[in-house]
Each structure stands twice: as C-alpha cells, then as structure tokens.
Amino acid sequence: MPELPEVETVRRSLKRLVGGKTIRDVDVFVPKMVRNLDVSKFRQHIENKTIIDISRIGKYLLFHLEDWILVSHLRMEGRYFIKHLDEAKDKHEHLIFYFTDGTTMRYHDTRKFGTFDLIKQENLSSFEPVQKMGPEPFDQEMTVDYLYPILKRKTIAIKSALLDQHIIAGLGNIYVNEVLFLCGLHPETPSHKCRKKDVKNIIKYSQEVLEEAIKRGGTTIRSYTSSLGVTGRFQQQLKVHTKEVCPTCESPIEKIKVGGRGTYYCKKCQKKRY
DNA sequence: CGAGCTGTTAACAT
DNA sequence: AATGTTAACAGCTC
C-alpha cells in the first residue's frame with residue numbers, strides 16, 4: 001500500500017483498534033525484519049508493554065510502548081490485520097503480537113521488505129531514518145526557501161528528487177505522478193530547472209493531493225484484500241497514474257521509466273523543458 | 001515456461 | 001559528492 005496517506009490511514013485505524021491494549025508476547029517468524037536488535041531482546045522489551053499511542057513520521061509508523069517505540073515501515077506490501085488468537089496463521093504473517101485480551105495484531109507482508117526497529121523513546125530524534133528525513137509537505141519548514149535551493153543544486157529528474165525522502169517526506173510513486181501532472185512539470189525535468197513558481201506549486205499540490213488522499217482513506221491499486229477493513233478510494237481521483245487519457249486535453253497518457261519507476265504523464269500538459 | 005512488472009529503501013558501483 | 005543500478009522477495013500478467 002503505503003505512501004503517506006496509506007500509512008496515515010493505517011495509523012488511524014490501528015489507534016482505534018489496538019490503542020490502550022497490552023502486548024503479552026510477540027512472535028517473530030522472519031528474524032531479519034527486525035533490524036536493530038536480536039529477536040530475543042526485541043521480544044523481551046515488548047513483553048507486557050501497553051500501546052500508549054500510535055504516531056507517524058513520513059511513511060514510518062510508530063507504536064509508543066511506554067518507554068520504547070516500535071518503528072514499523074511497510075515498504076511495498078506491509079499490512080496489519082487484527083484477528084482472534086485462535087485464527088490460523090497465514091503464510092505471509094511474519095510478526096504476531098498477542099494482546100492480553102485474546103486478540104492479536106498480525107503483520108502481513110508477501111515480499112518481506114518491511115522493517116521493524118525498537119528504540120528507546122529518548123533516542124527517537126537520533127534514530128537515523130527519522131533524523132535524515134526531510135519535512136513533510138504540511139510541515140512549517142516546507143517552504144519555497146527550504147525546497148528551492150535543494151532542487152537548484154541537483155541535476156536529477158524532478159520526479160526522483162521528489163521521491164527522495166531526505167528532501168521531502170511522504171510522496172511515493174503514485175502521488176508524485178499526480179503532483180507533477182498538477183504542476184504541469186515533465187517528470188524528467190532536471191531538478192535545477194524548476195523555478196520558484198514551480199516549487200511553490202509542488203508544495204501546494206503535494207499538500208492538496210496528500211490531504212485529499214487521506215480524506216479518502218488512501219489509494220488501493222494492487223492490493224485485492226483490504227487490511228483492517230481499509231479499502232482506499234483515492235484511485236477514483238487519480239488523473240494520470242495508470243490512466244490512458246489526459247483528463248484535461250484528452251491526449252493519450254505516456255508511460256515511461258524514470259529512475260526505474262513506472263511514470264505516467266501527459267506529453268501535452270507536461271512539456272519537457274530545455 | 002520465462003521475463004517483466006509492482007505502492008520502497010538502502011547498499012553498492014561508478 | 002552525486003547519481004544510477006541493483007538487491008531484498010513473492011506473486012501476477014503476458
């Protein structure tokens with residue numbers, strides 16, 4: 001699923017479903033998904049901890065377990081399900097958290113790309129992925145004065161720059177395609193060719209697209225089953241991603257690769273800049 | 001059957 | 001240092 005709106009949707013659902021519950025135990029079936037600790041330590045620290053809160057930074061989901069924080073990244077296909085203790089384990093459930101009330105929270109990930117880190121609360125700000133992450137489109141620091149100079153000194157495609165979480169956090173392949181369409185920017189435009197006006201648009205439309213997507217529970221494209229009963233509806237609003245005809249000018253939508261990622265754009269509305 | 005595709009990130013090579 | 005490529009993995013489509 002997950003770009004920022006999908007992670008935010010999961011956060012809200014999980015907070016409602018498991019906030020306040022106490023974890024009796026956790027089973028880790030794929031040890032290497034836990035990046036920063038031995039599984040034995042991981043289990044030991046999580047045991048008997050209560051989920052005080054669930055927050056989000058960029059695409060990272062943070063379970064606040066008293067003095068520890070469980071940092072979860074869903075990568076390509078991570079999902080959570082809440083099931084009763086008795087239900088059989090699915091082939092792709094790689095972590096199972098057992099609550100004291102007989103329910104369980106299961107991390108499901110067909111490709112096993114997802115990651116877990118368990119850190120002390122006081123170390124959150126020094127935790128590398130968080131420390132190196134750029135501001136989200138909504139953050140106060142996300143201004144033209146911040147973003148323009150960064151884009152100015154890079155020669156990479158604007159699409160690649162906007163996918164770089166160190167520059168701006170939260171956009172993934174789908175929403176970048178949408179944002180660039182709304183900005184009228186060709187995805188291969190060298191980053192340094194963006195003018196201040198373009199950067200202003202990038203910020204504005206990133207906010208608009210992400211906000212609207214959160215409102216609609218994210219985008220569901222390839223996942224057939226919904227996790228937590230969450231099926232996004234933003235796919236109905238997509239203007240270029242997976243589309244064949246431009247909603248503005250009715251030209252055919254082009255599909256190319258930029259930085260190895262499938263890229264959709266309108267040749268007429270998103271002119272290449274030389 | 002194989003090849004190529006998929007919402008991400010980081011390690012690696014150049 | 002910055003940028004491009006590949007790997008981690010599984011399943012679906014052609």
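## Helix H6 against helix H7

Helix H6 passes helix H7 in a right-handed crossing. A crossing counts as right-handed if the near helix is turned clockwise from the far one by less than a right angle, and as left-handed if it is turned anticlockwise. Helices (H or I, at least four residues) and strands (E, at least two) are DSSP runs, numbered from the N terminus. The structure is a predicted model, in which local features need pLDDT of at least 70 and side-chain atom pairs count only at pLDDT 80 or more, while totals for chains, interfaces and linings use all residues. Residues are numbered from 1 along each chain as its sequence is written, and chains are lettered from A and ligands numbered from 1 in the order in which they are written.

H6 comprises residues 173-183, and its axis comes within 9 Å of that of H7, the two crossing at roughly 130°. Axes are lines fitted to C-alpha atoms, for helices over the stretch in contact, and angles run from 0 to 180 degrees between N-to-C directions. H6 is therefore oblique to H7; angles under 35 degrees count as roughly parallel, over 145 as roughly antiparallel, 65 to 115 as roughly perpendicular and the rest as oblique. On the H6 side, the contact involves Tyr175, Glu178, Val179, Leu182 and Cys183. H7 contributes Asp198, Asn201, Ile202, Tyr205, Ser206, Val209, Leu210 and Ala213. Two residues are in contact if their C-beta atoms, placed from the backbone, lie within 7 Å. By class, this contact has 9 nonpolar, 2 polar and 2 charged residues. Ala, Val, Leu, Ile, Met, Phe, Trp, Tyr, Cys and Pro count as nonpolar, Asp, Glu, Lys and Arg as charged, and the others, Gly among them, as polar.

Val144, Leu147, Tyr148 and Leu151 of H4 meet Lys196, Val199, Lys200 and Ile203 of H7. Among these residues are 6 nonpolar, no polar and 2 charged.

H1 and H7 cross at roughly 35°, and their axes come within 9 Å. This crossing is right-handed. Leu4, Pro5, Glu8 and Thr9 of H1 meet Leu210, Ala213 and Ile214 of H7, a contact with 5 nonpolar, 1 polar and 1 charged residue.

## The two domains

Chain A is assigned domain 1 (4-131) and domain 2 (144-266), with bounds from an automatic or database domain assignment. Their C-alpha centres lie 28 Å apart. In domain 1, 14 residues are in contact with 14 residues of domain 2. On the domain 1 side, helix H1 (4-18) and strand S5 (79-84) each supply at least two residues, and H1 gives the most, with 8 residues. This side of domain 1 has 7 nonpolar, 3 polar and 4 charged residues.

Which residues lie around DNA strand C? They are Thr110, Arg111, Lys112, Phe113, Lys154, Thr155, Ile156, Ser160, Gly259 and Gly260. A residue is near a strand or molecule if its C-beta atom, placed from the backbone, lies within 6 Å of it. The surface near DNA strand C has 2 nonpolar, 5 polar and 3 charged residues.
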